[in-house]
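Here is a briefing on one protein model. Keep the sequence and the 3D view open as you read.

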Amino acid sequence: MPQNTVNLDLSATSIELTRALCDLESVSGNEAVIADAVERALAGYPHLDIIRDGDTVVARTNLGRAQRVIIAGHLDTVPLNDNLPTRFETIDGVDYLWGRGTVDMKAGVAVQLKLAAELTASSVDVTWMWYDHEEVSDDLNGLGRLALNRPDLFAGDFAILGEPTNSQIEGGCNGNVRVEIRTFGLRAHSARSWVGDNAIHKIGPVIDILAAYEPRQVEVEGLVYREGLNAVGIGGGIAGNVIPDECMVHINYRFAPSRTSAEAIVHLEELFAGYEITVVDRAEGARPGLDAPLALQFLTAVGGEAKPKYGWTDVARFSALGIPAVNYGPGDPLKAHADDERVALAQITDCEDGLRAWLTTSVG
C-alpha cells in the first residue's frame with residue numbers, strides 16, 4: 001500500500017502500532033502523511049472531537065469531568081540514516097523494536113493513540129495532541145503554533161509529554177541558552193605575523209574558562225538537575241597564509257529551572273566579562289510541577305521515583321502557561337536520534353499500563 005494511503009489500526013497492540021507509525025517516514029517537514037493517517041484513524045470514534053491545525057491533530061473528550069489533562073506527543077523525527085524499515089531484535093535477552101522514531105517518540109504516540117481510541121469513560125477529560133516540527137527550529141514547532149491559533153485547547157489542570165523517559169516520570173526540564181563569543185584582531189601575512197593580531201590566539205582564555213568550569217547540580221522541588229556549559233562549535237581563519245582577524249566560539253548552557261533564561265545570560269556575561277557575547281537562542285526551563293494534585297496521583301499510579309529531565313522539552317510550553325507538566329514515555333533517551341535507535345518492547349506496554357491505570361482510576 002502506498003505510504004499516502006496507509007490506514008492505522010488502533011485496535012492493534014501498542015507495539016504493532018509503534019511499528020506501523022515508525023514505518024511511516026515523517027522527518028520534520030514531511031508530517032502530512034502521518035498526520036492524515038492519525039486524523040483518519042481517530043475520525044470514527046464518537047467520544048472524540050477532532051481538530052486539525054496544519055499537521056497537528058487534536059482529539060478531545062467532553063465527558064463533563066471536573067478536571068482536564070493534556071497529553072501530547074510529536075509526530076516528526078530527525079533525518080534517517082539507513083534505519084528504516086523497522087525490525088524486531090533481541091539483545092542480551094531483551095526484545096526491542098529497532099528503527100528511526102522508535103524512541104523519539106513514536107512509541108509514546110502509539111500508546112497515546114491506542115488509549116485515546118479505547119478510553120471512552122476516562123476519569124478526567126483528556127485533550128490529546130499530536131504535533132509537527134518538534135525536531136527543528138522553535139518558530140516551526142506545531143505545539144507553539146497551536147497555542148497561538150487555538151489557545152482555548154490549552155485549558156487544562158495537568159499535562160504529560162510523551163518524550164522518552166524509560167517509562168518513568170521525569171519532572172520539568174532544564175533551560176537552554178546558546179551564545180557566540182567573538183574575538184577580533186588584525187589581518188596580516190603569516191610570514192610577517194608580528195604586524196598582525198591573531199584573533200584565534202585571543203580565544204584561548206575563553207576555552208580555558210570552559211575547560212575549568214564546574215557545572216552546578218541544583219535541587220529544585222526535590223529533584224536534582226545537572227547543568228552543563230560547553231563549547232559546541234568554533235570558527236576562524238581566512239587562508240593558510242593569513243593571520244585571522246576574527247574568531248568565534250559557540251557555547252551551549254543548559255541551566256537548572258531555578259534560573260530564568262535572563263539570569264542564565266547574566267551568569268554568562270559575568271563568567272566571560274570583557275568579551276563580546278551574542279545570544280542566538282534561549283528557552284526557559286520548567287519546574288517539576290510534581291506538587292500538583294494530579295501529578296501526585298499520576299506518580300502513585302505509575303509507581304517508581306520521579307527524576308529530573310536534563311534536556312529541554314515542550315513541557316516548558318505548558319509550564320509557561322501555568323500548567324504543571326511532566327515527561328513520561330517509553331524508550332531510553334540516550335538512544336534518541338541514534339543510528340541504532342531502538343525501544344524495549346516491555347517499556348511500550350509498561351507505559352500503556354501506567355497511563356491506562358491512572359486515566360481509569362477515580363480522581364479526587
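Thr77 counts as buried because its relative accessibility is 2%; buried means under 20% relative accessible area, exposed over 50%, and partly exposed in between (1.4 Å probe, protein chains only). This is a predicted model: local features need pLDDT of at least 70, side-chain atom pairs count only at pLDDT 80 or more, and totals for chains, interfaces and linings use all residues. Residues are numbered from 1 along each chain as its sequence is written, and side-chain values use heavy atoms, with hydrogens and water left out.

**Around Thr77**
- Thr77 sits in the loop between β3 (68-74) and β4 (87-91). Helices (H or I, at least four residues) and strands (E, at least two) are DSSP runs, numbered from the N terminus.
- Leaving aside neighbours within four places in sequence, Thr77 is in contact with residues including Ser26, Arg100, Asp104 and Glu135. Contact means heavy atoms within 4.5 Å.

**The sheet**
- Eight strands form an open, mixed sheet in the order β1-β2-β6-β3-β7-β18-β8-β17. Two strands pair if DSSP finds at least two bridges between them.
- The edge strands, β1 (49-53) and β17, each pair on one side only.
- Strands β8 (residues 170-171) and β18 (residues 325-327) run antiparallel and are joined by two bridges. Gly171 stands opposite Val326 in β18.
- Helix α3 (residues 102-118) packs on the sheet and touches β3 and β6 (125-131). The direction of α3 makes about 140° with that of β3. Axes are lines fitted to C-alpha atoms, for helices over the stretch in contact, and angles run from 0 to 180 degrees between N-to-C directions.
- Helix α8 (residues 293-302) also packs on the sheet, touching β3, β7 (158-161) and β18.

**The largest pocket**
- On a 1 Å grid over the protein atoms alone, a pocket is an open set of points with protein on both sides within 12 Å along at least five of seven lines; a cavity is a set where a 1.4 Å probe fits but cannot get out; lining residues have an atom within 4 Å of a point.
- The largest pocket holds about 1100 Å³ of space. Grid points are joined across faces, edges and corners, and a volume is the space filled by probe spheres set on the points.
- Its lining has 40 residues, with Glu134, Arg254, Gly311, Trp312 and Thr313 nearest the centre.

**The cavity**
- The structure holds one cavity of 30 Å³ or more. The largest cavity has about 40 Å³ of space.
- Among the residues lining the largest cavity are Thr61, Leu115, Trp128 and Leu359.
- α3 and β6 each supply at least two residues of this lining.
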